[in-house]
Number of protein chains: 2
Amino acid sequence: MAKWLSPLDAMFLYMESPDSMMHVGGLIEIEVTNGTTGDMSRQIRDELQEMTSAESPWNLKLATPRFLKNPVHRWVEDTEFDAMYHVRRSALPSPGSERELGVLVSRLHSRPLDFRRPPWECYIIEGHESGNLMMYTKVHHSLVDGYTAVKTLMRSFSKTPDAPEEPFFFQIPPPRKRLRSTTDAPADQGSFISAVAGHTTSVRDIGKSLGRLSRSRFRKHDPIVTVLQAPKSILNGRIGRNRRFATQQYDITRLKAIATAAGCTLNDVVLAVCGGGLRTYLQSIEALPSKPLIAFVPVNIRPKDDPGGGNMVGGMLASLGTDAETAEERLKAVVASTSAAKQQMENMTRAAIIAYTTYVGSPLLIQTGLAQFGLSKIIPPSFNVVISNVPGPKQPLYFRGNRLASVYPVSFLMHGGPLNITCESYGDTLNFGFVGCRDTLPRLQRLALACGEAVEELEQAFVAGS
Amino acid sequence: MAKWLSPLDAMFLYMESPDSMMHVGGLIEIEVTNGTTGDMSRQIRDELQEMTSAESPWNLKLATPRFLKNPVHRWVEDTEFDAMYHVRRSALPSPGSERELGVLVSRLHSRPLDFRRPPWECYIIEGHESGNLMMYTKVHHSLVDGYTAVKTLMRSFSKTPDAPEEPFFFQIPPPRKRLRSTTDAPADQGSFISAVAGHTTSVRDIGKSLGRLSRSRFRKHDPIVTVLQAPKSILNGRIGRNRRFATQQYDITRLKAIATAAGCTLNDVVLAVCGGGLRTYLQSIEALPSKPLIAFVPVNIRPKDDPGGGNMVGGMLASLGTDAETAEERLKAVVASTSAAKQQMENMTRAAIIAYTTYVGSPLLIQTGLAQFGLSKIIPPSFNVVISNVPGPKQPLYFRGNRLASVYPVSFLMHGGPLNITCESYGDTLNFGFVGCRDTLPRLQRLALACGEAVEELEQAFVAGS
């Protein structure tokens with residue numbers, strides 16, 4: 001049975017290129033309590049040899065993999081599903097530190113998926129010095145979006161340590177409600193049209209918002225970030241095909257204490273942490289612009305109980321205060337810009353927010369194209385970096401009795417955006433995944449470490465007694 | 001300083017595609033006697049951090065990497081040479097047996113090189129259960145051909161164990177005579193024309209040879225293999241982008257004893273070993289044709305002292321006797337066909353041999369194209385498998401006091417040829433590298449093991465007392 005892709009899902013196939021691959025990834029760390037990481041990895045291998053099928057969507061491949069620009073793509077079942085192809089065993093060279101892990105994940109993330117098979121791969125990684133098992137999974141954004149990927153993967157872990165025989169994620173049937181907004185005929189084209197029609201009904205909203213945005217260019221003290229404000233920087237060029245990857249994990253309680261003390265949101269603190277880290281990092285490679293860097297911050301406007309399926313993401317522009325010398329000033333600059341943007345969005349309908357996002361968030365529209373053709377040097381960018389905050393599982397999770405210690409997102413890059421910072425909450429931690437273009441950003445690990453220092457600076461500035 | 005590519009070298013760029021990648025590889029096994037494989041791997045990493053340049057040709061990248069079909073390609077120096085990009089550290093998952101090694105090399109070989117950098121990569125692999133360090137190197141065929149690659153890599157190893165400070169291969173200057181037949185202007189176009197002109201002078205030779213080939217179709221007992229003789233088989237379809245890799249190492253003395261007893265060449269024994277292995281393997285997957293499989297056997301017609309540089313390879317068709325039930329009959333069928341082909345080639349000039357090769361060895365011309373467009377089912381193949389025998393180093397070699405235990409070639413595949421068997425002599429061993437298309441050939445390791453059994457059968461049939 002064939003399933004048609006929605007136009008939005010198919011867009012990720014049209015955008016796929018050797019330099020900008022449209023797959024998203026995740027790195028999971030499992031505390032192995034029974035035996036070694038090698039024992040667990042070999043046990044998974046033995047199980048894979050028995051598997052000749054997968055559950056949806058993990059068994060779906062493109063009907064026309066050689067024709068990626070097909071205007072009406074379909075998913076079909078892979079009747080020769082090869083579990084050993086999709087789930088692979090790897091190991092870290094000595095000494096198996098974060099550095100070797102970062103290098104391996106970078107390499108794995110730098111490679112395109114094969115569209116003649118279900119476009120996902122999972123790597124079971126032994127040899128980390130902690131004795132923990134690492135699991136890196138990559139999925140093409142056309143098959144599963146980031147939000148759905150997290151939901152689906154998390155469903156395959158237990159909330160208790162008492163499920164020793166737990167199946168692998170691709171062996172778990174999907175929930176009743178379809179995971180993908182796919183149908184048996186290309187009727188989704190219709191839903192796309194109605195979405196566009198929905199936009200036009202709110203044209204008054206949009207007119208108001210855009211009018212306000214344009215006016216604010218002329219008001220010196222209006223903190224709302226406009227599309228002409230971002231400085232030119234190394235964060236806006238073309239990208240190569242190779243990536244760098246680094247991680248950081250912070251206690252959410254630490255970050256919330258800063259937010260409470262400063263009277264702002266957790267998201268504001270995340271932006272200030274990134275701003276502080278970016279300031280230190282760009283100074284070290286002599287590439288800090290004098291004007292503050294601007295972040296595009298995706299905002300999920302999906303209904304709260306939606307099990308996932310589309311790519312319903314709005315977004316706003318926020319200053320990262322990278323021109324400010326102190327952590328205090330930096331957070332204030334962030335808060336001023338996000339408060340103004342949110343106030344603006346509160347007056348808009350959902351459809352208007354999407355239109356607004358399209359206006360401010362040019363990555364998929366203008367910025368990528370400009371960078372691709374080398375025009376980014378002439379026309380200024382509307383933002384410098386994408387910083388996303390993805391909600392993750394709130395409770396501790398287990399895989400066959402072994403606790404998940406961390407869950408890092410590994411996002412994708414496009415021309416015009418050689419850096420992506422995505423963080424995901426898990427239990428009482430916030431897990432940062434930094435993905436950079438290898439050719440543009442040397443020693444990305446330094447950025448991760450500088451973000452750690454930025455947390456300490458914010459604590460010193462705002463939290464009493466620390 | 002730019003260097004123009006010869007048309008033959010550039011051809012490997014025109015032929016590059018996601019499915020058929022034109023890089024060749026080699027797997028080297030080093031017996032580590034001082035410390036562990038991890039120690040050696042980390043020492044190499046520390047040295048790499050100091051390196052900001054490489055010697056020719058390892059520092060050369062394409063001037064127009066985004067325009068692979070450029071009719072006049074040039075090599076330019078990579079002024080931002082990144083040693084840590086080209087030399088990478090890896091490790092085998094437990095238990096680190098030949099199986100895990102084969103899987104890792106398959107994956108590394110299945111990935112395209114990045115043409116925006118010098119098109120080569122080297123992987124230092126820890127974790128083999130033998131305690132030996134593995135080193136897998138891949139180079140694009142447009143930069144270095146297989147013959148030159150072996151010569152160049154071997155030059156970087158010592159003939160004695162007393163050179164602890166030996167530099168890495170890409171840090172050794174090229175010999176005085178240029179490694180590549182490149183010049184400062186595209187004058188090589190001329191040498192291509194003169195080569196073609198050279199062919200036409202020997203048109204009488206070619207006419208005679210081709211006449212004989214056509215006539216032999218009608219002579220029932222003429223053992224020479226013609227272009228219409230190969231059976232259809234699974235060895236002649238399109239290929240996917242993923243590979244399998246397996247190895248075998250045999251004592252040359254064992255194989256020579258068979259050759260002496262049977263009164264044939266070592267190469268004949270190699271073909272009979274492959275024939276025996278293929279018969280067993282194809283029977284096990286129910287894909288053995290009733291007619292004997294035909295191998296295309298490249299013959300090096302380069303002057304003996306040539307340090308390498310072109311792709312001066314002729315070739316002949318040989319029966320593998322896969323229809324014969326006994327090892328004895330199989331070797332006889334091989335010898336009959338190779339003797340007839342060699343007798344034919346002895347009467348030809350070098351230029352005529354090239355023309356003859358073009359006629360019988362259609363891989364680069366017809367067979368690939370037919371398979372690519374799915375026509376291989378209609379028009380019969382002229383051969384079923386390429387089996388090459390590359391001369392390697394005669395003496396034992398050392399890397400920083402550690403003996404090289406084996407040297408395996410890892411060749412490339414094209415549409416129409418999902419299997420390649422290349423063997424390389426090293427000291428008193430013959431090292432077989434089996435490369436197969438993952439989608440076409442399941443469990444390639446079985447073919448390697450079946451070749452081992454074929455050696456034993458030939459010994460039993462021909463060598464007295466064994």
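**Figure 1. Contacts of Ser41(B) in the predicted model.** Ser41(B) touches Arg89(B), Ile124(B) and Glu126(B), leaving aside residues up to four places away in sequence; contact means heavy atoms within 4.5 Å. The side chains of Ser41(B) and Arg89(B) are joined by a polar contact of 2.7 Å. A polar contact is a pair of N or O atoms within 3.5 Å; within protein, one must be able to donate a hydrogen and the other to accept it, and residues adjacent in sequence count only if both atoms are side-chain atoms. Ser41(B) lies in helix H2 (residues 37-48) of chain B. Helices (H or I, at least four residues) and strands (E, at least two) are DSSP runs, numbered from the N terminus. With a relative accessible area of 0%, Ser41(B) is buried. Buried means under 20% relative accessible area, exposed over 50%, and partly exposed in between (1.4 Å probe, protein chains only).

This is a predicted model: local features need pLDDT of at least 70, side-chain atom pairs count only at pLDDT 80 or more, and totals for chains, interfaces and linings use all residues. Residues are numbered from 1 along each chain as its sequence is written, chains are lettered from A and ligands numbered from 1 in the order in which they are written, and side-chain values use heavy atoms, with hydrogens and water left out.

**Figure 2. The interface of chain B and chain A.** 34 residues of chain B are in contact with 34 residues of chain A. The area buried between the chains is about 2,700 Å², and carbon and sulfur atoms give 31% of it. Buried area is the accessible area (1.4 Å probe) that two parts lose on being put together, summed over both. Ser94(B), Arg107(B) and Arg438(B) supply 20% of the area that chain B buries against chain A, more than any other three residues.

Figure 3. The rule finds 14 salt bridges across the interface. A salt bridge is a side-chain nitrogen of Lys or Arg within 4 Å of a carboxyl oxygen of Asp or Glu. Asp82(A) and Arg438(B) meet through their side chains in a salt bridge (2.6 Å, N to O). On the side of chain B that touches chain A, H2, helix H3 (83-86), strand S5 (87-91), helix H4 (98-109) and strand S6 (120-126) each supply at least two residues. The largest share of that side, four residues, comes from S5(B).

**Figure 4. The axis relating chain B to chain A.** A rotation of 180° with 0.0 Å of shift along its axis superposes chain B on chain A (RMSD 0.0 Å). That is the relation of a two-fold axis. Copies are superposed by least squares on the C-alpha atoms of residues with pLDDT of at least 70 in both. In chain B, the C-alpha nearest the axis belongs to Ala91(B), 2.6 Å from it. 100% of the interface residues of chain B are also interface residues in chain A, so the copies meet through the same surface.

**Figure 5. Backbone details in loops.** The peptide bond from Ser94(A) to Pro95(A) is cis, with omega near 0°. Pro95(A) sits in the loop between strand S5 (87-91) and helix H4 (98-109) of chain A. Arg400(B) has a positive phi of about 55° although it is not a glycine. Arg400(B) is buried, with a relative accessible area of 10%.
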